[in-house]
Amino acid sequence: MAALDLIDLHKSYGPESLAVDHLSLAVADKEFIVIVGPSGCGKSTTLRLVAGIEEETSGQIHIGGRSVTSLSPGARNVAMVFQDYALYPHMSVERNIGFGLRRRGMAQRDVAARVREIAEILEIGPLLSRRPAALSGGQRQRVAMGRAMVRKPDVFLFDEPLSNLDARLRVSMRSEMRRLQAQMPTTTLYVTHDQTEAMTMADRVVVMNNGRVEQVGPPMEIYRAPANLFVARFIGSPAMNLFDARIGDGFAALSEGTRVPISSELAQVEAGRRVTMGFRPEAISLSSEGIPARVLSVEPLGQEIIIECETALGTVRSRLAPDTELSRGDTITLAFDARRAHLFDPETGRALPFPCDTLSSPLRF
């Protein structure tokens, strides 16, 4: 096993086409890192650079403390699992899994033993004689993983491996992959656009945008303390509610009648400053006093209800208990919990410190 270090990695396809912008990332031995971001942010390109499929414009890639930057893909001892599985259709499952070992010249007896070992771990032993066309999507994904695992690589690379599966299979495969990671811990770089995969699978999440790393940290740290407006908007479903505000004497004014109490220290330093104030949907609740709102939509999701409301501040989304009874068109009152607010600089997008007072009620009018 080995650590993975990306050092000032840069990839450009020309002056107008920047894919990866001087990215530096240290992945510890056996750590499971998930890179998440919108389409075109550079996450898959980063994976291909590590694999050696693409050549970096500049920068270094180290695996296990040695530079592999100039090595061919086959000499890096990494294994990549693709979105489309990339199985050989004319080969059986057994031959697909053992293909790389046979190419390396391993004895047939040893190849067969290793394939059986991996098949048992993945619970696909009964499928070894089948061809890919006779397998379900989940079974094909297990075979693709088996072909990667059988080589005992230093680093696993996953490029959106679950995106072709239906919702139920994605949930079960997420659990399966974490079980395999615990059983056979290997340094892993996993790319996805699905933030649920990132939040549920990663030891640490890397949020990318426009080729740059916006934030790195444990999943809940990313959610609870976004470093900037991009992360606040991208992580979380529904996304964070964001409002223009102005810092006053002991409060942040979202509108003439809506004031969120803040610490006197921050108010003295930042008095008069324009900011962006954010609230996660779970920080907005029904209350007997607060901001009047009209319900635009109600989404019952079983474990929770998401409502979208029209208010004087604009559209607001709130996460409520599943037994809440509301209908479209209802008039309600919403309270914002200032202790769970976020402040951002509207020009730079960077998060600002926000030491809120302990409050008995979320809002002051």
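The following questions and answers concern a predicted model.

User: How many bridges join strand β1 to strand β2?

Analyst: Strand β1 covers residues 4-14 and strand β2 covers residues 17-27. A hairpin of 2 residues connects β1 to β2, and the two strands run antiparallel. The number of bridges joining them is 7.

User: Which residue in β2 is the bridge partner of L9?

Analyst: Strands β1 and β2 are joined by bridges in an antiparallel arrangement. Within β2, the bridge partner of L9 is L23.

User: Is R114 buried or exposed?

Analyst: R114 is part of helix α3. Its contacts, leaving aside residues up to four places away in sequence, are L101, M149, V150, K152 and M184. Because a residue under 20% relative accessible area is classed as buried, and R114 has 8% relative accessibility, R114 counts as buried.

User: Which residue has its backbone oxygen 3.1 Å from a polar atom of the side chain of R114?

Analyst: V150 is among the residues that R114 touches. At 3.1 Å from a polar atom of the R114 side chain lies the backbone oxygen of V150.

User: What is the distance between D194 and the nearest side chain of opposite charge?

Analyst: D194 sits in the loop between β8 (187-192) and α6 (195-201). Leaving aside residues up to four places away in sequence, D194 touches V36 and R170. A salt bridge requires a nitrogen-oxygen pair within 4 Å, and buried D194 has none. The nearest side chain of opposite charge belongs to R170, at a distance of 4.3 Å.

User: Why does N77 count as buried?

Analyst: N77 belongs to the loop between β5 (66-67) and β6 (78-81). With residues up to four places away in sequence left out, N77 touches R104, R151, K152, P153, D154 and V155. The cut-off for buried is under 20% relative accessible area, so N77 counts as buried at its relative accessibility of 18%.

How values were computed:
Residues numbered from 1 in each chain as written. Predicted model: local features only at pLDDT ≥ 70, side-chain atom pairs only at ≥ 80, totals over all residues. Heavy atoms only, no water. Pairing = 2+ DSSP bridges. Helix = DSSP H or I, 4+ residues; strand = E, 2+ residues; numbered from the N terminus. Buried < 20%, exposed > 50% of the residue type's maximum accessible area, 1.4 Å probe, protein only. Lys, Arg positive; Asp, Glu negative; His and termini not counted. Contact = heavy atoms within 4.5 Å. Polar contact = N/O pair within 3.5 Å; in protein donor to acceptor, adjacent residues only side chain to side chain.
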